[in-house]
Amino acid sequence: MNFVRTSSLVCLFLFTIPACSLFGGGDQPTKSVAPGAMNAGGVDIGKLLGGIKDAPTANAAKGPLEGAIAQLKNALSGANANAGGSADMAKKLAGDVMAKFGLGAGTLGTITSLMNNPAIKGAIGPMLEQLKSLIPAM
């Protein structure tokens, strides 16, 4: 392969990958995910839950919610490890993690409300239960 051909292929590769994400490829959220739920630091679970109104919006939130729950688990595990055995420190760090993910005092109520809708429960019920189990008493 000559230099010109190699350069062309490298250029094509470098510019195609970013372009694909601009035109719907990659892990871009759909437009039906709650506005503001996706940000540079991850997923604001509180806003994501607030945007769920029915089965289609629950299905649109499924991917981001699944990823956010995994991130939340890791963050809570790290906070617990950093607490050094102190219950007070563990509680404070868990509160900080919850705030980072947009979770607060009203989150359990929101989850309960979503679970009361059979269409939403059918679409993402297990994830909501898992999320509920991760939230410490607030």
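Buried means under 20% relative accessible area, and exposed means over 50%. The model discussed here is predicted. On the face of helix H4 turned away from its buried side sit the exposed residues Asp88, Lys91 and Ala99.

The buried residues of H4 are Ala90, Leu93, Ala94, Val97 and Met98. Viewed down the axis of H4, these buried residues fall within an arc of 145°, so they line one face of the helix. An α-helix has 3.6 residues a turn, so residues three or four places apart point the same way.

## Helix H4: span and surroundings

H4 covers residues 87–100, 14 residues in total. From first C-alpha to last, H4 reaches 20 Å, close to the 20 Å expected at 1.5 Å a residue. Gly102 follows H4, and its phi is positive, near 75°.

## Pro64 in helix H3

Pro64 lies in helix H3. Is Pro64 buried or exposed? Its relative accessibility is 16%, so Pro64 counts as buried; the cut-off for buried is under 20%.

Pro64 and Leu48 are 16 residues apart in sequence. In space, their C-alpha atoms are 8.3 Å apart.

## Confidence

The average pLDDT of the chain is 77, and 68% of the residues score at least 70. Over residues 1–40, pLDDT stays under 50. For residues 1–40 the model has 27 contacts beyond four places in sequence. Where pLDDT is low, the predicted coordinates should not be read in detail.

How values were computed:
Residues numbered from 1 in each chain as written. Predicted model: local features only at pLDDT ≥ 70, side-chain atom pairs only at ≥ 80, totals over all residues. Heavy atoms only, no water. Helix = DSSP H or I, 4+ residues; strand = E, 2+ residues; numbered from the N terminus. Expected span 1.5 Å × (residues − 1). Buried < 20%, exposed > 50% of the residue type's maximum accessible area, 1.4 Å probe, protein only. Arc of directions from axis to C-beta. pLDDT = per-residue confidence, 0-100. Contact = heavy atoms within 4.5 Å.
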